[in-house]
Amino acid sequence: MRATRLGLTSLRGRRLLPLLALVLLVALLVACDAPQSTTEIAGNNNDKLWEPYRVVLVLAAIVFVLVLVLTLGFSIWFRERPGRPARQIHGNTRLEVIWTLIPVAIVAMIAIPTFDALFKIDKDPPADAMKIEAIGHQWWFEFRYLDDKGETVLTTANELHLPEGKPVTIALRSVDVIHSFWVPAISGKVDMIPGHDNNISFTATKARPEPYLGQCAELCGLSHANMRFRVFVQAPADFDNWMSDQKKDSTSATGDLASEGEQLFAQSACIGCHTVRGTSAQGKVGPDLTHVGSRTTVAAGTLENNAQNLARWIRNSADVKPGSKMPPQGASAGGTLTDDQIAAIAAYLLSLR
Ligand SMILES: [Cu+2]
């Protein structure tokens, strides 16, 4: 008698375990910080995308519960019992027609709000929309701010600043393979295709001090996962200040280490690929470094921007970003610069604010 009771308890315990694990998992997921969430609406496109998203969510929940209940129910109600064999059924035209028509109706219910939202998003931007060009590179984003004639007034990399409440239109391009521009909280993703111009237009609606995280959303090679960018949505006056600061050429470094770094940089291979406006560095292959010290991250959003990480990047960028196109500069990795020289160049780059 005692043994039976013990046996029952442990059996019930074993059945409860998966349920408890599921509850724990849900609790953990709910507590998750979601820095790249499409449910956080910080742009007018996401506002329109919410309608079809909600329809899909509700329909999916109904289908999930219904299928689960019926599957469990049928397994129990029609199971084989002593003296009653399970019924074998082959084909039922009426049922088959019903379960073909139901999904057709569901797809139609999803399609109507989806197309409606797509057409709303695809509307031409207003004539006074701010013009930006975003160019995908393996593996970083180049951003160019354009004037009314389409001339570049400012080039930056991996950090996009936008004024709150002002419409922007972004021409999406690529210099190598297909990439995709995606800031989940602000707008849906659009591909950046070599030789073909795509566009995305939206208005960022919520300024905040922390950046919105963006990510390349098209598998584009070894370091695709390390191809990130940040979007800073600012109050219009703050954005204007940022813009006028960024438009200025760089000034000479102050301090011994940074000055030494400035000289080393001007004589190094760096200037073949990078631009620092106001200096002899006019390379166009890598990111524009004119105000690199003012950015919050290096290596396309992978590392915090500080002297240590900059030095690590210069020494051997592939150590941070596998497959990186920037050749290693540190003597220890096959380059020509000593650790002291790299530290000086990192100090110079940080001084470019
Ligand atoms: Cu990618």
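How are helix 5 and helix 7 oriented to each other in this predicted model?

**View A. Packing of helix 5 against helix 7.** In the predicted model, helix 5 (residues 256–267) packs on helix 7 with the two axes 7 Å apart and at an angle of about 100°. Helix 5 and helix 7 are therefore roughly perpendicular to each other, because angles of 65 to 115 degrees are classed in this way. Helix 5 contributes Leu257, Ala258, Glu260, Gly261, Glu262, Leu264 and Phe265 to the contact, and these meet Gln341, Ala343, Ala344, Ile345, Ala347, Tyr348, Leu349 and Ser351 of helix 7. By class, 10 nonpolar, 3 polar and 2 charged residues make up this contact.

**View B. Packing of helix 2 against helix 3.** Helix 2 spans residues 44–77 and helix 3 spans residues 93–121; their axes come within 8 Å and cross at roughly 170°. These two helices are therefore roughly antiparallel to each other, since the class covers angles over 145 degrees. On the helix 2 side the contact is formed by Asn45, Lys48, Leu49, Glu51, Pro52, Val55, Val56, Leu59 and Val63, while helix 3 presents Ile106, Met109, Ile110, Pro113, Thr114, Ala117, Lys120 and Ile121. The residues of this contact comprise 12 nonpolar, 2 polar and 3 charged.

**View C. Domain 1 and domain 2.** The chain is divided into domain 1, residues 130–246, and domain 2, residues 256–351. A separation of 23 Å lies between the C-alpha centres of the two domains. Across the domain contact, 19 residues of domain 1 touch 20 residues of domain 2.

**View D. The largest pocket.** The volume of the largest pocket is about 670 Å³. It is lined by 34 residues, of which His274, Gly286, Pro287, Trp313 and Met326 are the closest to its centre. Both domain 1 and domain 2 give residues to the lining, so the largest pocket lies between them. By class, the lining holds 22 nonpolar, 8 polar and 4 charged residues.

**View E. Secondary-structure elements in the pocket lining.** Strand 11 (297–298), helix 6 (307–315) and helix 7 (339–351) each provide at least two residues of the lining of the largest pocket. Helix 6 gives the most, with 3 residues.

Note on methods
Residues numbered from 1 in each chain as written. Predicted model: local features only at pLDDT ≥ 70, side-chain atom pairs only at ≥ 80, totals over all residues. Heavy atoms only, no water. Axes fitted to C-alpha atoms, helices over the stretch in contact; angles between N-to-C directions. Helix = DSSP H or I, 4+ residues; strand = E, 2+ residues; numbered from the N terminus. Parallel < 35°, antiparallel > 145°, perpendicular 65-115°, else oblique. Contact = heavy atoms within 4.5 Å. Nonpolar A, V, L, I, M, F, W, Y, C, P; charged D, E, K, R; others polar. 1 Å grid on protein atoms, 1.4 Å probe; cavity = no way out; pocket = protein on both sides within 12 Å on 5 of 7 lines; lining within 4 Å. Points joined across faces, edges and corners; volume = space filled by probe spheres on them. Domains from an automatic or database assignment.
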